[in-house]
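This report describes the secondary structure elements of one protein model and how they pack. The sequence and the coordinates are shown first.

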Amino acid sequence: MTTLNDDRVARALDRMYTASAEQFAKMREDGSRRFTDLSNASAQERADALSDIYMPVTPEAGRLLYSLVRATKPAVVVEFGMSFGLSALHLASAVRDNGTGRVYTTELSAAKIAAAKQTFAETGLDDVITVLEGDALETLKSVTGDIGFVLLDGWKELYLPVLELLEPQLTNGALVVADNTSMADTQPYLDRVREPSNGYVSVNFLARDSDSMELSCRA
């Protein structure tokens with residue numbers, strides 16, 4: 001049995017995915033403009049305004065993240081953009097089942113940090129997760145060691161700056177997974193990882209009907 005199937009983890013994932021689906025269904029019915037109304041806001045302002053909104057990877061993408069971390073056995077896993085912690089649960093479950101490694105995850109919203117920390121404690125995964133609170137471009141400077149896996153799932157215009165910050169610590173063969181790469185703000189990042197001279201082998205694939213993920217190997 002994998003940690004993903006542990007009763008505590010499975011219940012937490014089911015609870016959050018159910019809440020997320022109900023929330024987005026209600027937003028569609030109400031014609032919510034909460035995202036578009038924040039187009040000119042700062043990263044912190046957006047995080048605070050959307051502190052109750054789930055922004056999860058799909059269940060299929062979560063299982064993919066788990067499988068990739070299991071296969072690569074990274075010593076250090078970095079996640080940019082924790083939200084309520086759904087993807088972090090998948091990453092930490094893989095680290096637990098590998099028997100080695102640590103997950104460092106970043107978040108700006110104080111409300112989401114508090115909720116995620118409670119979930120991590122309830123699932124028994126808090127001992128392999130370090131939550132970095134605040135501006136990721138500052139907090140990620142505290143991460144030491146060789147980074148073997150990165151998930152980019154925060155504000156899209158920061159994908160490239162975060163990659164540039166972490167790049168000196170990426171191991172040969174490190175995997176960098178970027179979510180929501182159909183969004184225009186990810187284009188500078190995509191240009192970087194798709195240019196062979198920058199040292200990546202990169203592939204894009206659909207993660208949901210209208211959006212994609214980019215998987216890049218540090219070659």
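Lys-73 is located in the loop that links H3 and E1; helices (H or I, at least four residues) and strands (E, at least two) are DSSP runs, numbered from the N terminus. The model is predicted, so local features need pLDDT of at least 70 and side-chain atom pairs count only at pLDDT 80 or more, whereas totals for chains, interfaces and linings use all residues. Residues are numbered from 1 along each chain as its sequence is written, and side-chain values use heavy atoms, with hydrogens and water left out.

The phi angle of Lys-73 is near 50°, a positive value in a residue other than glycine. With a relative accessible area of 49%, Lys-73 is partly exposed; buried means under 20% relative accessible area, exposed over 50%, and partly exposed in between (1.4 Å probe, protein chains only). Ser-83 sits in the loop between E1 and H4, and its phi is near 55°, again positive in a residue other than glycine. Ser-83 counts as buried because its relative accessibility is 9%.

## The open sheet

Seven strands make up an open sheet of mixed pairing, in the order E3-E2-E1-E4-E5-E7-E6; two strands pair if DSSP finds at least two bridges between them. Strand E3 (129-133) and strand E6 (200-208) are the edge strands, each pairing on one side only. On average, neighbouring strands of this sheet are turned by 15° against each other, direction ignored. Strands of a sheet pair through backbone hydrogen bonds, either parallel or antiparallel.

Strand E1 (residues 76-80) runs parallel to E4, and five bridges join the two; Glu-79 has Leu-151 in E4 as its bridge partner. Five bridges also join E4 to E5, and these strands run parallel, with Val-176 in E5 as the bridge partner of Val-150. E4 is mostly covered, six of its six residues being buried. By contrast in direction, strand E5 (residues 170-178) and strand E7 (residues 211-218) run antiparallel and are joined by four bridges. There, Val-177 stands opposite Leu-215 in E7.

## Helices on the sheet

Helix H5 (residues 110-123) packs on the sheet and touches strand E2 (102-107) and E3, contact meaning heavy atoms within 4.5 Å. The direction of H5 makes about 170° with that of E3; axes are lines fitted to C-alpha atoms, for helices over the stretch in contact, and angles run from 0 to 180 degrees between N-to-C directions.

Helix H8 (residues 187-194) also packs on the sheet, where it touches strand E4 (147-152), E5, E6 and E7. The direction of H8 makes about 35° with that of E7.

## Helix H4 and its partners

Two packed helices are described by the angle between their axes and the distance between the axes. Helix H3 (residues 59-72) and H4 pack at about 30°, with axes 8 Å apart. H3 is therefore roughly parallel to H4; angles under 35 degrees count as roughly parallel, over 145 as roughly antiparallel, 65 to 115 as roughly perpendicular and the rest as oblique. The crossing of H3 and H4 is right-handed: a crossing is left-handed if the near helix is turned anticlockwise from the far one by less than a right angle, and right-handed if clockwise.

The axes of helix H1 (residues 7-30) and H4 come within 10 Å and cross at roughly 160°, which means that H1 is roughly antiparallel to H4. This crossing of H1 and H4 is left-handed. Val-9, Ala-12, Leu-13, Met-16 and Tyr-17 in H1 meet Leu-86, Leu-89, His-90 and Ser-93 in H4. By class, the contact of H1 with H4 has seven nonpolar, two polar and no charged residues; Ala, Val, Leu, Ile, Met, Phe, Trp, Tyr, Cys and Pro count as nonpolar, Asp, Glu, Lys and Arg as charged, and the others, Gly among them, as polar.

## Two buried residues

Ser-87 belongs to helix H4 (residues 86-98) and counts as buried at 4% relative accessibility. Leaving aside residues up to four places away in sequence, Ser-87 touches Val-57, Leu-65, Glu-79 and Leu-151.

Trp-155 lies in the loop between E4 and helix H7 (159-166). At 18% relative accessibility, Trp-155 counts as buried. Its contacts, not counting residues up to four places away in sequence, include Ala-43, Leu-50, Phe-80 and Leu-108. The C-alpha atoms of Trp-155 and Asp-185 are separated by 8.6 Å, although the two are 30 residues apart along the chain.
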